[in-house]
Amino acid sequence: MKVDRRSFLGLGLGAVAGVVVSPVGLKLTDDSSIWTQNWPWTPVPIDGEISYDSSVCNLCPGNCGISVRKIAGRPVKIEGLDGYPVNDGGACLHGIAGLQYLYDPSRVRTPLRKNGDIFEAISWDEAISFTAGKLADIRKSNAPQKLACITDKTQGSVPGLFKRFLTAFGSPNLYAMPSLESNLELTAQTLHGSGNTLGFDLENSDFVLSFGAGLIEGWGSPVNCFKANASRKERHAVLYQVEPRLSNTAATADKWIPVKPGTEADLALGICAVMIKNNLFDAANFKAGFAKFAAMVQIEYSLDKVAQTCGINPGEIEKIASLFAKAKMPVAVPGKGRGDSGQNLKEFAAVHTLNCLVGNLNKTGGVFIMAQNDYLSFPEAVMDNVAETGAGQEKMAGSVNDLVEKVNAADKPVVDALFVYNANPCYSLSAPKRVRQAFKKIPFVVSFSSFLDETAMEADVILPINTFLERMEDVPSQAGLAKNIIGMIRPVIKPVFDTKDPGDALILLSTALEGTIAESFGWESYAECLESVTGNNWSSLSEEGHVVISEGAPEGVPEVDFTFLATNPSTVQAQGEFELTLIPIDNMHLTGAALTVSPFALKTVSDRVLTGTDIVVEINPATAKGLKDCGDAILTTPVGEARVKVNFNEGIMPGVIGMVRGLGHTFDNKFVSNKGVNVNDLIGPVIESGSGLDAAFGIKAKISKA
Amino acid sequence: MIQDKKAHKFGMVIDLDKCTGCGSCMVSCMSENNVPFKEDESRKKDSITWMRVYKLTNGKSFPDTQVVYMPRPCQHCSGKGGHGHSPCVSVCPATATDYGYDTGIVSQIYTRCFGCRYCMGACPYHARYFNWWDPKWPEGMENYLSPNVSPRMRGVVEKCSFCYHRYQLAREKAYGEGRDGIEESEYQTACTTACPAGAIVFGDLNDPSHMVHQIVKPDPHPDPMNKYVVDKSRNPKVFRLLERLGTNTKIYYLSEREWVRKAGDNYLDGEWDKVKNHHGSSSHE
């Protein structure tokens with residue numbers, strides 16, 4: 001067919017008309033727009049009825065009341081519980097992010113047994129019988145004391161059950177990780193006798209003299225401290241913060257007093273000297289050693305000497321002393337950062353001595369000397385001969401650190417089996433390499449853990465335990481809270497994985513071991529045990545979720561014993577010869593100790609702390625010779641070396657390098673691990689003689705351009 | 001202009017002297033609003049944080065340095081003269097973001113957004129975030145997602161909604177109980193309730209019984225120095241960010257410290273001294 005001009009135009013016009021009139025174009029546009037509105041891979045959360053469960057958070061020693069919003073039975077949000085006596089509605093970021101721990105990719109989903117270098121999943125029955133078999137062998141060798149146990153704390157029924165298990169088994173070797181509570185108990189014991197702890201009535205005090213305590217960085221019961229701090233302005237209360245770095249607490253304080261790292265005790269004793277010299281103290285119930293102490297501080301902690309040591313003005317010390325002594329309700333707070341690791345007894349005792357001198361003991365707004373909790377009544381553990389002999393022996397070490405040293409020093413295994421519960425010593429103790437080495441030397445390690453963290457990785461058997469959202473537990477208040485409250489953790493969801501309450505795991509284990517150990521654990525379940533050991537408190541605990549044991553200032557003026565400080569124990573120095581001092585920084589956005597940070601919380605961390613996988617250290621520009629802001633550097637200490645980035649910060653004392661604590665995890669979790677450096681890897685333990693505490697507040701360091 | 005006499009104007013005042021920079025508000029917001037997370041969240045430009053806490057310093061050297069933290073949600077601008085022409089709303093070609101004249105809330109409708117990001121360019125406060133990737137939760141973690149806020153998808157912009165779903169729930173509850181309005185305490189954003197320091201106060205700026213109104217004391221008259229600026233605070237300690245742009249944000253900040261208030265805008269040399277004592281027209285009457 002010949003295509004002439006007419007038919008060409010006709011066909012062309014026809015085609016154009018066809019396209020315009022045809023619905024195909026519209027249809028295709030419509031389809032493509034619908035297609036772009038489809039996201040089948042985006043989850044559609046199931047709707048349902050809203051309900052609220054209340055419980056208690058135990059991610060840190062704060063033990064805040066929480067309210068968990070559930071939709072169709074699914075927990076979707078954690079918030080602070082209104083009216084709860086610790087936190088009254090407030091919550092911290094870690095607690096709010098708590099649901100992320102429930103579904104954490106590094107959760108232990110089933111019992112695991114190490115086979116060579118890898119873990120294989122086993123059933124609970126297998127795990128219990130395997131562990132019981134290993135433990136039975138230890139008992140057969142008549143050395144039950146060679147079973148040791150590391151827990152996060154000593155109070156509450158779960159640590160109580162671990163203690164009971166060890167007693168019935170025949171071992172005295174139960175150790176708790178260093179914590180603010182353990183430091184406060186030691187301080188109270190040193191100055192007021194054993195069985196006591198200290199509570200700081202911050203919410204009523206009108207002059208808080210804090211020696212580096214991170215009152216808004218996770219010290220004590222964090223939300224309680226936040227609230228006390230926030231109400232300061234209305235109460236016309238004043239906060240003086242002593243520390244080498246402008247922490248958030250220092251930034252919010254009325255005055256920041258930068259002192260050289262590790263000289264806090266000197267300043268406290270210097271202030272004591274001024275108070276005594278100017279007769280600004282209240283000598284109520286001073287028992288022993290006061291005269292000697294008073295004479296000692298005048299000589300050893302004279303104004304000029306202290307000013308020189310701390311790097312501050314002598315006039316300033318006198319001014320602080322006079323303000324502190326003349327305040328109506330002053331309180332001095334010890335414990336740098338969170339107050340758990342790298343602390344020394346001298347400093348705690350020196351700071352608390354200020355409280356004793358100013359006469360605020362057992363007064364509103366001061367320090368409460370509170371009896372340690374004893375609300376639990378366990379029946380006597382049943383012990384056979386093996387247990388009697390073993391448990392009657394001396395503890396083999398004074399602390400977890402000491403235990404690690406002893407294990408590493410010995411040729412033959414001194415510990416045959418080790419339990420670890422809710423603690424991550426292979427990450428959180430200083431120089432964790434030596435801890436991992438010790439764990440490798442222990443033939444059998446059982447980890448009671450919810451997460452496959454650094455310590456669980458070193459275990460031979462992992463018994464996976466429920467997170468705080470899936471279990472039941474009593475949690476006594478601690479860590480400097482000026483009230484004695486027992487909180488009750490109640491399950492808000494059935495276990496997501498094949499996990500158990502730690503108490504139930506111990507009951508299963510004891511049943512498998514038979515004999516007197518099984519007799520000591522005669523409960524059907526942990527729930528039954530908890531009901532029986534909490535006695536009269538059970539009904540309030542189970543119905544109201546908490547019991548207030550005591551509130552307000554205790555009666556009487558406790559005795560004060562100055563003997564320890566009167567001998568002027570030596571001050572711990574930072575290890576090494578380098579010119580600068582590296583100090584760890586406790587940052588509220590990150591976690592210390594057993595808990596690893598959640599993805600949400602890590603998201604709030606500044607890019608001036610962590611950038612990509614690089615940790616950023618703080619340094620005063622005056623000290624940063626040859627370095628560039630945001631540049632790379634090599635940080636060297638006597639213990640290790642790390643590649644870091646540098647952040648010029650005018651808020652840190654010249655000569656000091658600050659590195660955040662809580663990064664550099666090495667276990668398998670792409671969201672929170674392998675980011676930055678674990679500051680503990682760069683710091684070696686420095687044991688304070690007498691107290692046995694690892695008192696390494698920092699370490700000497702040098703930094704150079706990478 | 002559609003303006004109901006009874007219209008709400010939800011807003012917030014944040015006490016920067018109380019804020020500790022703890023990040024509870026950020027996490028509470030993420031958890032409330034199904035905000036996703038990814039492997040590396042240290043690149044802050046692509047890290048989605050509807051609420052972000054900034055650190056400000058006074059720029060002085062040791063030991064006179066001071067630090068303050070400034071939480072920054074979406075500022076819910078009511079635009080020049082308060083007529084609802086927020087910078088982002090004005091540029092959105094898809095009507096995916098809109099100004100609610102009855103609430104003062106700037107909305108974001110994810111399924112309408114096609115990802116042109118004009119709004120992000122227009123926002124002077126960096127309050128808007130783009131989803132460069134589809135959100136992915138580790139296995140099982142989708143179980144904590146809330147049905148009240150739809151999870152977003154790759155290619156759309158998202159931002160703070162003043163927890164609008166909480167407003168809807170409160171209104172539904174009031175309706176069910178046969179009440180006309182809602183109480184101040186019934187509608188509070190997730191960041192407000194989470195703040196352990198009580199630094200954030202949220203409520204209706206139009207309602208004199210609300211705490212936020214009492215603190216801010218919004219000026220009913222336009223600023224005589226700049227007719228585009230309305231609702232300026234008559235509290236000398238209160239300021240807004242980049243106020244003179246006339247964006248008329250509904251997030252007010254409170255601080256006793258002058259250097260902090262000065263940090264709310266960029267001032268030429270000597271300019272601050274001229275404006276620092278100017279707090280709304282009524283205070284000069």
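A word on conventions before the details: residues are numbered from 1 along each chain as its sequence is written, while chains are lettered from A and ligands numbered from 1 in the order in which they are written. What you see is a predicted model, in which local features need pLDDT of at least 70 and side-chain atom pairs count only at pLDDT 80 or more, whereas totals for chains, interfaces and linings use all residues.

Confidence comes first. Taking helices (H or I, at least four residues) and strands (E, at least two) as DSSP runs numbered from the N terminus, confidence in chain A is lowest in strand 12, residues 286-288, at a mean of 81, and highest in strand 17, residues 461-464, at 96.

Let me turn to helix 12 of chain A, residues 290-300, whose buried residues are A:Phe293, A:Ala294 and A:Val297. I call a residue buried if 20 or more other C-beta atoms lie within 10 Å of its own, exposed if 12 or fewer, and partly exposed in between, with C-beta atoms placed from the backbone. These three cover an arc of only 100 degrees around the axis, so they sit on the same side of helix 12 of chain A; the arc is that of the directions from the helix axis to the C-beta atoms. On the other side of this helix, A:Ala291, A:Ala295 and A:Ile299 are exposed.

Leaving aside residues up to four places away in sequence, A:Ala268 touches A:Phe211, A:Ala350, A:Val351 and A:Leu354.

Finally, the two chains: 47 residues of chain B are in contact with 57 residues of chain A, contact meaning that the C-beta atoms, placed from the backbone, lie within 7 Å. The largest share of the side of chain B that touches chain A, seven residues, comes from helix 1 of chain B. Nine of the nine residues of helix 1 of chain B are buried, so this helix is largely enclosed by the rest of the structure. Just after helix 1 of chain B, B:Asn34 takes a positive phi of about 55 degrees.

Methods. pLDDT = per-residue confidence, 0-100.
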